[in-house]
Amino acid sequence: MLIIGPPGSGKGTQAERISERLGVVAISTGDIFRANVKGGTPLGIEAKKYMDVGDFVPDSVTNEMVRSRLSQDDVENGFLLDGYPRTAAQVDYLDGVLARRGQQLDVVLQLTADDDELVRRLLGRARETGRSDDNEAVIRHRLDLYHEQTEKVVAKYAEGGILTQVDGIGGIDEVTDRVMAAIAAPRIASLASGR
Ligand code: B4P
């Protein structure tokens with residue numbers, strides 16, 4: 001399963017909850033990058049240059065990181081990817097990785113919210129956590145990239161018939177309820193029942 005949405009739409013927030021309820025591991029590329037930045041690893045030093053200004057980390061770096069993460073044992077019974085893929089090239093790469101593993105995506109969940117609400121939330125987070133990419137200019141740039149590049153990714157999955165959209169506006173519990181109801185729809189019930 002994938003969770004896609006603009007920055008601040010609640011991806012990380014909801015991914016944690018969905019992962020608990022479905023009993024599948026959640027993998028956030030943003031979290032992996034931040035852990036590497038914190039640990040001062042070569043990957044973190046490279047990623048920080050892009051993250052601080054709100055750019056995507058290059059596909060070559062991100063794809064290899066995801067391939068390596070998906071080769072671990074805990075993803076055998078399923079996984080929830082949060083924040084990946086964000087570019088058309090990442091979609092193609094993920095398709096290849098999954099095909100080689102004999103796996104396929106069951107559902108792509110898109111969380112939606114308007115830009116003003118997203119900026120408001122991320123500025124709120126900036127006050128609480130001081131994340132280096134949560135200042136208004138960088139937030140606007142991240143939103144522009146989402147509209148320019150990641151919406152094409154969403155369109156691709158819509159064409160493939162596996163996209164489910166959920167309104168991300170409302171309280172966190174309310175959004176979780178919507179997500180779980182969307183996942184329980186007959187087409188993807190096998191996922192919710194832990195197939
Ligand atoms: P991410 O970590 O994915 O950051 P994000 O888009 O801001 O989402 P996040 O999950 O943190 O926030 P959420 O919406 O849950 O990426 C960070 C950077 O890493 C990227 O800019 C890029 O540089 C790099 N990167 C990551 N993946 C990449 C890839 N595939 N390719 C290239 N580069 C990549 O929550 C935001 C805030 O809203 C929180 O404070 C939360 O409390 C609040 N919130 C959530 N739901 C709410 C609700 N319903 N109501 C009110 N507030 C809510």
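**Reading salt bridges in a predicted model**

Tutor: The side chains of Arg-67 and Glu-64 form a salt bridge, with 2.7 Å from N to O. This is a predicted model, in which local features need pLDDT of at least 70, side-chain atom pairs count only at pLDDT 80 or more, and totals for chains, interfaces and linings use all residues. Residues are numbered from 1 along each chain as its sequence is written, and side-chain values use heavy atoms, with hydrogens and water left out.

Student: What is a salt bridge, and how many does the structure hold?

Tutor: The term denotes a side-chain nitrogen of Lys or Arg within 4 Å of a carboxyl oxygen of Asp or Glu. The structure holds 16 of them.

Student: Where do Arg-67 and Glu-64 lie?

Tutor: Helices are DSSP runs (H or I, at least four residues), numbered from the N terminus. Both residues belong to helix α4 (residues 59-69), three residues apart, about one turn of the helix.

Student: Is Glu-117 buried or exposed?

Tutor: Buried means under 20% relative accessible area, exposed over 50%, and partly exposed in between (1.4 Å probe, protein chains only). Glu-117, at 16%, is buried, whereas its salt-bridge partner Arg-121 is partly exposed at 23%.

Student: Which parts of the chain does the pair Asp-173 and Arg-17 link?

Tutor: These side chains meet in a salt bridge of 2.8 Å, N to O. The pair links distant parts of the chain, with Asp-173 in helix α8 (residues 172-183) and Arg-17 in helix α1 (residues 11-22), 156 residues apart.

How values were computed: Helices (H or I, at least four residues) and strands (E, at least two) are DSSP runs, numbered from the N terminus.
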